[in-house]
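Thanks, everyone, for making the time this morning. Please have the sequence and the structure open while I talk.

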Amino acid sequence: MTSAFASNAWFQSLPLQAAQALLECAVPVPVAAGAFLFHQGDSMDGGSHAFFGVASGVLKLSIFNAEGDEAILALVEPGNWFGGVSTLDQQPRGHCAIALEDAEVLGVSVEQFEALMRDAAFAGAIARLVATRLRLAYGSLASAALHATRARVARRIAMLAHGDVSQSSEGRTTISTSQDALAMMLGISRQTLSKELQALVRLGAIRLRYGHIEIEDMAALLNATDTCVD
């Protein structure tokens, strides 16, 4: 189970003692496809699971408005850790975590997480993890504010190619995210997304296959704008 974390840059940055302590206090938590690991608004108490590592499967982090409309913030793939912010600021969960497929995570309780935070090396690593996620969030906000739709679609695909929250240096060429999920990540309609994906296909940047997107030319993808293709 712990092999899932072997290639995760954040986990590998932990001193050996801190990494071992994290794994020793984590317990396996199975999450069936479509089930919630936690809900938006959940409060935190000492027995709650606060911090999670994805051992297998993929989860989405989503927010819902009062009408039930969903926006997907990020996808969390095996090897990644998430969820400690609500323990740090003592506030209810700001989003939901939902399994896209049968998954297993390692859960660390609030009390155990707070105990781990007494170690300076672990606390520093958590600060770097939060800073990295905050930088990604700022990047997404900047993209939404400064780029037209086609460029936003292209950049989101590129992010997914490197692991949505892990952003590993080695990208992959096949994205398994559904188009419905991608539309919810971008806050656009399925019809608008389809139009922009077809434009990227004509540009030669991507190829569409059932259930996934193949990146044909990363440079062309990153350079895509609304004026690239008729």
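Which side chain does glutamate 77 meet in a salt bridge? It is that of arginine 172, with a distance of 2.5 Å from N to O. Please keep in mind throughout that this is a predicted model.

The domain assignment of the chain gives domain 1, covering 3–136, and domain 2, covering 149–223, and the centres of the two, taken over C-alpha atoms, are separated by 25 Å. Across the interface of domain 1 and domain 2 the rule finds one salt bridge. As for contacts, 12 residues of domain 1 touch 13 residues of domain 2. The size of an interface is often given as the accessible area lost when the parts come together. Here domain 1 and domain 2 bury about 1,000 Å² between them, and 60% of that is on carbon and sulfur atoms. On the domain 1 side, Ile72, Leu75 and Leu136 lose the most area to domain 2, and together they account for 50% of what that side buries.

I now turn to the aromatic residues. A search of the whole structure finds 11 aromatic pairs. In one of them, the rings of phenylalanine 5 and phenylalanine 11 have their centres 5.7 Å apart and their planes at 45°, so this pair is classed as tilted; phenylalanine 5 and phenylalanine 11 are both buried. In another, the rings of tryptophan 10 and phenylalanine 122 have centres 6.5 Å apart and planes at 70°, and because an angle over 60 degrees counts as edge-to-face, that is the label this pair receives. This pair links distant parts of the chain, since tryptophan 10 belongs to helix H1 (residues 9–13) and phenylalanine 122 to helix H5 (residues 120–146), 112 residues apart. Tryptophan 10 and phenylalanine 122 are both buried as well. Ring pairs join Phe5, Trp10, Phe11, Phe51, Trp81, Phe113 and Phe122 into a cluster.

Helix H5 also holds threonine 132. Is threonine 132 buried, exposed or partly exposed? With a relative accessible area of 40%, threonine 132 is partly exposed.

Terms used: Residues numbered from 1 in each chain as written. Predicted model: local features only at pLDDT ≥ 70, side-chain atom pairs only at ≥ 80, totals over all residues. Heavy atoms only, no water. Phe/Tyr/Trp six-rings, centres within 6.5 Å; stacked < 30°, edge-to-face > 60°. Buried < 20%, exposed > 50% of the residue type's maximum accessible area, 1.4 Å probe, protein only. Helix = DSSP H or I, 4+ residues; strand = E, 2+ residues; numbered from the N terminus. Domains from an automatic or database assignment. Contact = heavy atoms within 4.5 Å. Buried area = accessible area lost by both parts, 1.4 Å probe. Salt bridge = Lys/Arg side-chain N within 4 Å of Asp/Glu carboxyl O.
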